[in-house]
Amino acid sequence: MNSGFRWLLPACLLLNAAEPPAVQFRDVAEAAGIRFVNDNAPSPQKLMIETMSGGMAAFDYNGDGRTDLFFTNGAALPSMKKDGPRFWNRLYRNDGGMKFTDVTEAAGLAGEGYAMGAAAADYDNDGRVDLFVANVGNSRLYRNLGDGKFEDVTTRSGVADDWWAVAGNWLDYDNDGLLDLWVTHYAKWPPDMDRYCGDQARDIRVYCHPKYFQGLPNRLYHNLGNGRFAEVTRESGLGAHAGRGMGVASADYDGDGLMDVFVTNDNEPNFLFRNLGQGKFEEVGLVAGVALLDSGKPVASMGCDFRDYDNDGWPDIVYPDLYRETFPLFRNTGKGGFVDATYASQLGKLTANLSGWGAGLFDFDLDGWKDLFVSCAHVNDRVEQFEPTVYRLRNSIFLNKGGVFRDASPSAGESFQAARAHRGVAFADFNGDGRVDVSVSSLLDQAELWENVTQTGGEWLIVRLQGVRANRDGIGAKLKWGKQWNVMTSGAGYSSSSHFGVHFGVPKGQAPGTLEIWWPGGRKQVVNGVKPNQVLVVREEP
């Protein structure tokens, strides 16, 4: 725990002594059979890629209704080869009852190269969830064959991404019913430098500041519908905007029926790509108010989420960054712009002493408000020798009530206080009890599986969509249940993907009976007689 806020812990516990904990998690990874360690192959040269690996994906690969887990992994350096099982990417099958089995070899997903991130979705509309793996060069696309196996279709698909990719995001940007692939890059690799960063006099070498790395544009691959993609980066307008991309998430922020894309950039202004239709995007981050904080300074923006945190129907933006920068939150005004709500929401003072990587907005205590989970750690594994903070941190959970957050981490459970070099984070209801659980990867340490055991009287609904005219996953659909809004997306966190449906929570007895769905493109569908505490499968009306 960060020494800068240790003194707060006793006070928090004292205030809550008479109340039951608001949210509780327990790490069940070992008992569940998940024994994955992300091997980032750290070297004395402090290569930048080493500290940035760790993405993952939660998705149902075998169609049994249970969400499985996929972890990306590093490779030997400098060869960038997975020269043994220690570097394999790993797929764990969910067998039910919070038990998982490693099926990596059988599935054909050990992978190749130095992997960073993962993005899951059904890009060919065959009812089976496929997987994109973002690598430091030579990223891979795997098609789900439906028999427990995946086929590497990178070459014949046309997804030939040879840059340092950090993350992928699936969206139907042109509403043609086919999911397209957005790839976010960090910087040119290998860099044209051999700079020593740190303190040579004390022989303390650290990862170099991002300013020494030349950023790259995002890439967009248009799904042609025959198993092939065409790169449309230049034509779409993305190619003119280079940055050190870290996170990517999509939502229709201006309500025009087209999916827009937010990209965090490391110590550079963030991008917001407004979808203009006709295959074109316009970068409007500065005009929309999300490129920089109110201070006007860029920060170490990490992963992100793009959802409605204040139940006003407009998707908002949140992302973690590093010590003394706070975790920014931008509230969508509904008028084509955003305002910095970091301090108005209380996140400013709660996160000033933290460093984070992945973020997700989900209702963990089923009270009708999306809470914020952040996988926490610093970038620099020797930061203690330069700053009054620490490298390994516990994760953080901030409970939301009426758009205002409070830190529930100190009372979230004894095991929740484990400090690690956390990176990627994925969300799903892994045990079928309606409460959202969390899995987190860590560098050179055991991955975590946080079972949500919060004692709550709240109720829930998980909606799984089946598109007919829209894409099969319904990615990009907007849903309203009572006063709450959510969006179907598989992109959230840092270099990670969460594909399990759309989750809602509600206080007991307040469950609305009507669900409204706006499919990609704006077609509305109303489902009446909806009862809580179920997984509801909704097929798009033809």
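Student: In this predicted model, which residue in E29 is the bridge partner of Lys401?

Tutor: Strand E28 covers residues 396–401 and strand E29 covers residues 404–407, and the two pair in the antiparallel sense over 4 bridges. They form a hairpin with 2 residues between them, and Gly402 in that turn has a positive phi of about 65°. Within this pairing, the bridge partner that Lys401 has in E29 is Val404.

Student: Are the ring planes of Phe25 and Phe364 stacked or edge-to-face?

Tutor: The count of aromatic pairs comes to 34. For Phe25 and Phe364, the ring centres are 5.8 Å apart and the planes stand at 75°, and because planes over 60 degrees apart fall in that class, the pair is edge-to-face.

Student: How many residues apart are Phe25 and Phe364, and what is the relative accessible area of Phe364?

Tutor: Phe25 belongs to strand E1 (residues 25–27), whereas Phe364 is in the loop between strand E26 (356–362) and strand E27 (371–376), so that the pair links distant parts of the chain, 339 residues apart. Both residues also belong to one aromatic cluster, whose members include Phe362, Phe373 and Trp450. Phe25 counts as buried at 2% relative accessibility, and Phe364 is buried as well, with a relative accessible area of 0%.

Student: What is the angle between the ring planes of Phe71 and Tyr92?

Tutor: Phe71 lies in strand E3 (residues 68–71) and Tyr92 in strand E4 (residues 90–96), so their contact ties together parts that are 21 residues apart in sequence. Phe71 is buried at 0% relative accessible area, and Tyr92 counts as buried at 4%. Their ring centres are 6.0 Å apart and the pair is edge-to-face, with the planes at 85°.

Student: Which ring does the charged end of Arg219 sit over?

Tutor: Arg202 lies over the face of Phe386, at 5.4 Å from the ring centre. For Arg219, the charged end is 3.7 Å from the centre of the ring it sits over, and that ring belongs to Trp163.

Student: Is the disulfide of Cys197 and Cys208 right-handed or left-handed?

Tutor: The structure holds 1 disulfide, and it joins Cys197 to Cys208 with an S to S distance of 1.9 Å. Since the torsion about this S-S bond is about 95°, the disulfide is right-handed.

Methods
Residues numbered from 1 in each chain as written. Predicted model: local features only at pLDDT ≥ 70, side-chain atom pairs only at ≥ 80, totals over all residues. Heavy atoms only, no water. Pairing = 2+ DSSP bridges. Phe/Tyr/Trp six-rings, centres within 6.5 Å; stacked < 30°, edge-to-face > 60°. Buried < 20%, exposed > 50% of the residue type's maximum accessible area, 1.4 Å probe, protein only. Lys NZ or Arg CZ within 6 Å of the ring centre and 35° of its normal. Disulfide = S-S within 2.5 Å.
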